[in-house]
Amino acid sequence: DSVKVNITLNNGTIDELNLTWLSAPPGDTYWNSYTIPNSVGNYNLTFIANDSSGNINSTTTSNFTVVLQPSECGTINSSTTLINNVSSNNTCFEIEADNLELDCAGYSITYGIDGTNSEYGINVLNYDNVTIQNCNLIEGNSSGSNKNGIDLTSSSNSLIQNIAFEGVGSNSGSVEVSGTSTGTSISGINAVSTGSARGLELIGNGVTLFDFNLSTTVAPALVL
């Protein structure tokens, strides 16, 4: 007899896992261990059995949902709400799906702790209709440059609201909108930037901005 399971990840990749028969009680059980990727979303399971009674490739299906652990940064491809503070040596969250919401619920994201260039609290590249709200973004090291709290590139019709930002690095800002981004709405920004950190940089088209408080010491508060 043989049993395997095909695990379809939320990005469409399929992992095949062979199961081992467990002869000890309770018996008639097949098992194996699997390390779940650090990527939230729905995973589909297809079990395929080939047994000695001639039932070849009998199948059944199941699924499970991975929810991002509150103490970890990582990839987000479904709507997520934080339940405590998180931190990362480099970029904390990579948004990798359209039509989702990241609600920080007032918790902090400390990012770029290792001081390398172009590390972000939240990075959105080529995804649309993304909502990011209620975040406290903290740049974790004054070394490095272009370490934005939220970096939005070629993303259309996104909403960013109720964001607090503490910036300390060169050319870092609370939110940067660039590339072919269109239709971005930004509100409720409270940015405190020291050194050569900026407040906001908006290069995309059709950005709506209101209700913001930007404080800088050297660099421009608002770059258009």
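Me: If a disulfide is a pair of cysteine sulfur atoms within 2.5 Å, how many does a search of the whole structure find?

Reply: Two disulfides turn up. Keep in mind that this is a predicted model, where local features need pLDDT of at least 70 and side-chain atom pairs count only at pLDDT 80 or more, while totals for chains, interfaces and linings use all residues. Residues are numbered from 1 along each chain as its sequence is written, and side-chain values use heavy atoms, with hydrogens and water left out.

Me: Which cysteine does Cys-73 form a disulfide with?

Reply: Cys-92, with the sulfur atoms 2.0 Å apart. The torsion about that S-S bond is about -80°, so the disulfide is left-handed. Cys-73 sits in the loop between strands E5 (58-66) and E6 (74-76), and Cys-92 in the loop between strands E8 (86-87) and E9 (93-95), 19 residues apart. Strands here (E, at least two residues) are DSSP runs, numbered from the N terminus.

Me: And what is Cys-104 joined to?

Reply: Cys-104 is bonded to Cys-135, S to S 2.1 Å. Here the torsion is about 70°, so this disulfide is right-handed. Cys-104 lies in the loop between strand E10 (100-103) and strand E11 (108-111), and Cys-135 is in strand E13 (residues 130-139), so the pair ties together parts that are 31 residues apart in sequence.

Me: Are Cys-104 and Cys-135 buried or exposed?

Reply: Both Cys-104 and Cys-135 are buried, as are Cys-73 and Cys-92. Buried means under 20% relative accessible area, exposed over 50%, and partly exposed in between (1.4 Å probe, protein chains only).

Me: New topic: where does Glu-139 lie?

Reply: Glu-139 is in strand E13. With 4% relative accessibility, Glu-139 counts as buried.

Me: Which side chains does Glu-139 make polar contacts with?

Reply: The Glu-139 side chain has a polar contact with the side chain of Lys-147 at 3.4 Å, and another with that of Ser-172 at 3.0 Å. A polar contact is a pair of N or O atoms within 3.5 Å; within protein, one must be able to donate a hydrogen and the other to accept it, and residues adjacent in sequence count only if both atoms are side-chain atoms.

Me: Which residues have the most contacts inside the largest nonpolar core?

Reply: Phe-93, Ile-109 and Ile-122, in a core of 32 residues. Such a core is a set of buried Ala, Val, Leu, Ile, Met, Phe, Trp, Tyr and Cys residues joined through side-chain atoms within 4.5 Å. Strand E13 supplies the largest share of this core, four residues. A second, separate core of nine residues includes Val-5, Leu-9, Leu-19 and Tyr-43.

Me: What is Ile-109 in contact with, leaving aside neighbours within four places in sequence?

Reply: Among them are Cys-92, Phe-93, Cys-104 and Ile-122. Contact means heavy atoms within 4.5 Å.

Me: Last one: what is the strand order in the open sheet of five strands?

Reply: The order is E3-E2-E1-E4-E5, with antiparallel pairing. Two strands pair if DSSP finds at least two bridges between them. Strand E3 (29-31) and E5 stand at the edges with a single partner strand each, so one side of each is left without a neighbour in the sheet. Three bridges join strand E2 (residues 14-22) to E3, and Leu-22 stands opposite Thr-29 in E3.

Notes:
A disulfide is a pair of cysteine sulfur atoms within 2.5 Å.
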